[in-house]
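Colleague: I'm new to this one. Can you walk me through it?

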Amino acid sequence: FPVTNTLYTWGMNYFGQLGQSNTTYRSSPVQVGALTDWAKISAGYAAFGIKNDGTLWSWGRNNNGQLGQDNNLNRSSPRQVGALTNWASISSGQSFCMAIKTDGTLWSWGDNISGELGQNDIVRKSSPVQVGTLSNWKTINTASQFTVAVKTDGTLWSWGVGDSGRLGHNDTITKSSPVQIGALTTWASGSAGLSHCLAIKTDGTLWSWGNNNNGQLGLGNLTSASSPVQIGALTTWSKVEGGATMSAAIKTDGTLWTFGYGSTGRLGQNSTNNLSSPVQVGALTNWSDISCLTSVLSTKTDGTLWAWGFNNNGRLGLNSTISESSPVQVGASTNWTQPTVGVSDFGWGGALAIQATINPA
């Protein structure tokens, strides 16, 4: 059956990052235009979407050319990036972007003050430029000035700012081109937090490294690590997300776990306490996807959307500006996918998600 994918945004809109052709803040989800062909989304200071036809679109803040439009003009509604129709996945960092095409090549643009574009230089780019010549990139995840990526051969790579050991290379050196983390070929996915990183191996084990001043590495201590360290001994982790000094992960049994900085209730534990090891959020076993920074969005297997944490500018989508310390349902719809939290300071403070509806043929 054909699927209708509509895009919704809410929260801060100072730079038009909600894609509503205005700069009006929204405290509950509002549809972006009338199109129903959105396939994938990502947000940093700017917002990005890939459509079913493989075209790439961007809008929002553009002070560093992060929209990929070959200029520095902000946009308050989606505008196509070039004319290509072979974009497969995208991840937006603070002021830069990384994307993979259907041919497995890796591309980057935007701010590059710390080599975060992986181009072996620190030159800013305002339109997509290929990273190297390889065509075996599988997944990418960006954060504040650094990226972690997995290739189709199961190797793990990182580049950008290296302080706190966030790149996982057993040092604190900044890298301006991709460098492999260790020699293992068993990595499945990685997620970059503000200054720490997490990854899952194909055996379901969970690993972390980088800054740990609030316990965001989940290792039961506050000691930072400059190379991957396993979190516990479990082999049932299926998805992990790094946020702003916090982390969240979902197990294969559908349970949700959080750890790190607890301010504004972002850990969803009905408190503001820090946690240095994973603690389950409630007792439910139907969590399916998650995105976090200082606020958290998560979907359940029933298609409902839930939010908690910091809520200035209405970024939780709850039609209020009150922060929440435990999950609260966003509206009543049961067809939400791809919950996405954008950068949470003056540059963004918003969120995106897609509603997917199956239409009978």
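**Working through the model**

Modeller: Let's start with S21, which counts as exposed because its relative accessibility is 53%. Exposed means over 50% relative accessible area, buried under 20%, and partly exposed in between, with a 1.4 Å probe and protein chains only.

Colleague: What kind of model is this?

Modeller: This is a predicted model: local features need pLDDT of at least 70, side-chain atom pairs count only at pLDDT 80 or more, and totals for chains, interfaces and linings use all residues. Residues are numbered from 1 along each chain as its sequence is written, and side-chain values use heavy atoms, leaving out hydrogens and water.

Colleague: Back to S21. Where is it?

Modeller: S21 sits in the loop between β1 (3-11) and β2 (26-31). Its phi is near 65 degrees, a positive value in a residue other than glycine.

Colleague: And T245, what about its phi?

Modeller: The phi of T245 is positive, about 55 degrees, and T245 is not a glycine. T245 belongs to the loop between β19 (237-242) and β20 (246-251).

Colleague: Is T245 buried or exposed?

Modeller: T245 is buried, because its relative accessible area is 15%.

Colleague: How many helices and strands are in the protein?

Modeller: Zero helices and 28 strands. Both are DSSP runs numbered from the N terminus: helices are H or I with at least four residues, strands are E with at least two.

Colleague: How much of the protein is buried?

Modeller: Buried residues make up 56% of the 361.

Colleague: New topic: N112. Where does it lie?

Modeller: N112 lies in the loop between β9 (106-110) and β10 (125-130). N112 counts as buried because its relative accessible area is 1%.

Colleague: Which residues does N112 touch?

Modeller: Not counting residues up to four places away in sequence, N112 touches L117, D121, I122, V123, R124 and K125. Touching is contact, meaning heavy atoms within 4.5 Å.

Colleague: Which side chain makes a polar contact with the side chain of N112?

Modeller: That of D121, at 2.9 Å. A polar contact is a pair of N or O atoms within 3.5 Å; within protein, one must be able to donate a hydrogen and the other to accept it, and residues adjacent in sequence count only if both atoms are side-chain atoms. Also, a polar atom of the N112 side chain lies 3.0 Å from the backbone nitrogen of L117.
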